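Me: I have a model open and want to go through it piece by piece. Can we start with the ligand?

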Amino acid sequence: MPLDIVVGAQWGDEGKGRMVDLFAEKASIVARYSGGDNAGHTVTVGEKIFKLHLVPSGLARPHTVGILGNGVVINPNTLLKEMNMLRDGGLEINPSRLVISPNAHLITPVHRALDAAQEAQRGKDQIGTTLRGIGPAYMDKSARRGLRAVEMLDEEAFADAIQMHVNFANKELTGVYGAEPLDPDMVAAEYLEYARKLKAYIGDASGMIERALQDRQYVLAEGAQGTLLDLDQGTYPFVTSSNPTAPGALVGLGVGPAWVHEIVGVTKAFQTRVGEGGFPTELSGEMATRLRGTGANPWDEYGTTTGRPRRVGWLDMVLLRYAMRVNTFTALALTKLDILSGLPTIKLCVGYRRDGKTFADLPLGLHEIDTFTPVYDEMPGWEEDIQSARTPDDLPPQALAYIRAIEKSAGIHVGWVSVGPERDQMVSFADA
Ligand code: IMP
């Protein structure tokens, strides 16, 4: 069996956890390859609801092994809390069920302090980060002075490394940002505790994946964030500091491309974004509230990690086609179609206009998306509640027409459509 990759096609929060949960049913390994506890997914298992940020959401399926790949940055405090939350929920969490790559980097309080200080200094040019220390942790990794999980195996050397790390960063915190320094002894003591609890979980993650694939087992690579937040391919500088796109899965897990089978791009039936940056189809006023929801339901458009209201807009096919280009999706999963029920008309952005010219594509990449006005196709909506639909035949013709329009514009098949928050509220087009 091959390696499948689940990737967010937009700015994150597309409902990837939902698709991972579905595919994890037949997976023996579910592996996260990028990002850290800036992600957020809610997994419902029976009566239990798990709000997870770091561990692979596929771990909620008791038969899977979860991996945190080398491309992930780990806040050990978050990790231990989530492991306990899953245990409290009745799941077995031990070193044969969860494996941390030795090369995954650690997030420390230094990184969170730097994240906050850097955001404050950016003033009106803030990125709107989640303040989880993600950017500074990846900066240390690129600067080749980061702390890797493997270092937790040697307690004495690890304590020294933590102290050096805090002392070094204190110069930047106080000197550059005028922020408070951190106490190296306290951080070292805290991280030694984490090391003692986590060292048994460190294992050859890349080798395990390779062996499972050789053994014809099914491995699922679970993306976090989304294509448009990718450090290299996204709306830079309003991006995260890792590579959530499909190629990032290979680098972030330590496996080669020949194993890849399906690359499933997950997109909402509309568009959302948290944090700053361009958003051509963004809506305001009543229609925005209608798509966002009021926050009364867990599935309303408010950040799982930060609680911030998400910016919302119509689905942007220029950006989805771009996501196709950089990921080579083999199928799309369309989520939250039910949110569009009851709208008299639905708009689909099929191109951009600027200075009297129309563009089907981005002439110079994503950095100038702010300069375009969207060109919309307006389609009739549907009145019916579609939450009980389970097959394509259960969907109203207008909903099917909307799905077909997306397929035609993206040049790719929609394989799954979610029509409600529950695990079974899913229409599969696999045989359609
Ligand atoms: P950072 O990853 O915390 O550095 O944040 C950088 C940008 O990515 C900000 O705009 C965040 O709002 C956004 N971001 C990070 N993680 C997620 C996510 O899981 N969903 C949606 N947006 C995210």
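Me: Which residues come nearest to the ligand?
Reply: Asp13, Asn38, Thr130, Thr240 and Arg308 come nearest, out of 15 residues around the ligand. A residue counts as near if one of its heavy atoms lies within 4 Å of the molecule.

Me: Before going on, what sort of model is this?
Reply: This is a predicted model, in which local features need pLDDT of at least 70 and side-chain atom pairs count only at pLDDT 80 or more, while totals for chains, interfaces and linings use all residues. Residues are numbered from 1 along each chain as its sequence is written, and side-chain values use heavy atoms, with hydrogens and water left out.

Me: OK. How far is the side chain of Asn38 from the ligand?
Reply: An N or O atom in the Asn38 side chain is 2.9 Å from a ligand oxygen. That is a polar contact (a pair of N or O atoms within 3.5 Å).

Me: And which residues do it through the backbone?
Reply: A polar backbone atom of Gly128 is 3.3 Å from an oxygen atom of the ligand. For Val274, a backbone N or O atom lies 3.3 Å from a ligand oxygen. The protein buries 96% of the 470 Å² that the ligand exposes when taken alone (Shrake-Rupley areas, 1.4 Å probe).

Me: How is the shell made up by class?
Reply: The shell has six nonpolar, seven polar and two charged residues. Gly counts as polar here, and Asp, Glu, Lys and Arg as charged.

Me: Which domains supply the shell?
Reply: Domain 1 (3-89 + 205-428) and domain 2 (105-200) each give at least three residues to it. The bounds come from an automatic or database domain assignment.

Me: How far apart are the domain centres?
Reply: The C-alpha centres of domain 1 and domain 2 are 29 Å apart. Their contact takes 27 residues from domain 1 and 20 residues from domain 2, with contact meaning heavy atoms within 4.5 Å.

Me: Switching to strands. How do β3 and β4 pair?
Reply: β3 (residues 41-45) and β4 (residues 48-52) are antiparallel, with five bridges. Strands are DSSP runs of E, at least two residues, and pairing needs at least two DSSP bridges. Val45 has Lys48 as its bridge partner in β4.

Me: What about the turn?
Reply: Two residues separate β3 and β4 in this hairpin, and Gly46 in the turn has a positive phi of about 60 degrees.

Me: Where is the cis peptide bond?
Reply: From Tyr236 to Pro237, with omega near 5 degrees. Pro237 is in the loop between β9 (219-222) and α8 (246-253).

How values were computed. A polar contact is a pair of N or O atoms within 3.5 Å; within protein, one must be able to donate a hydrogen and the other to accept it, and residues adjacent in sequence count only if both atoms are side-chain atoms. Helices (H or I, at least four residues) and strands (E, at least two) are DSSP runs, numbered from the N terminus.
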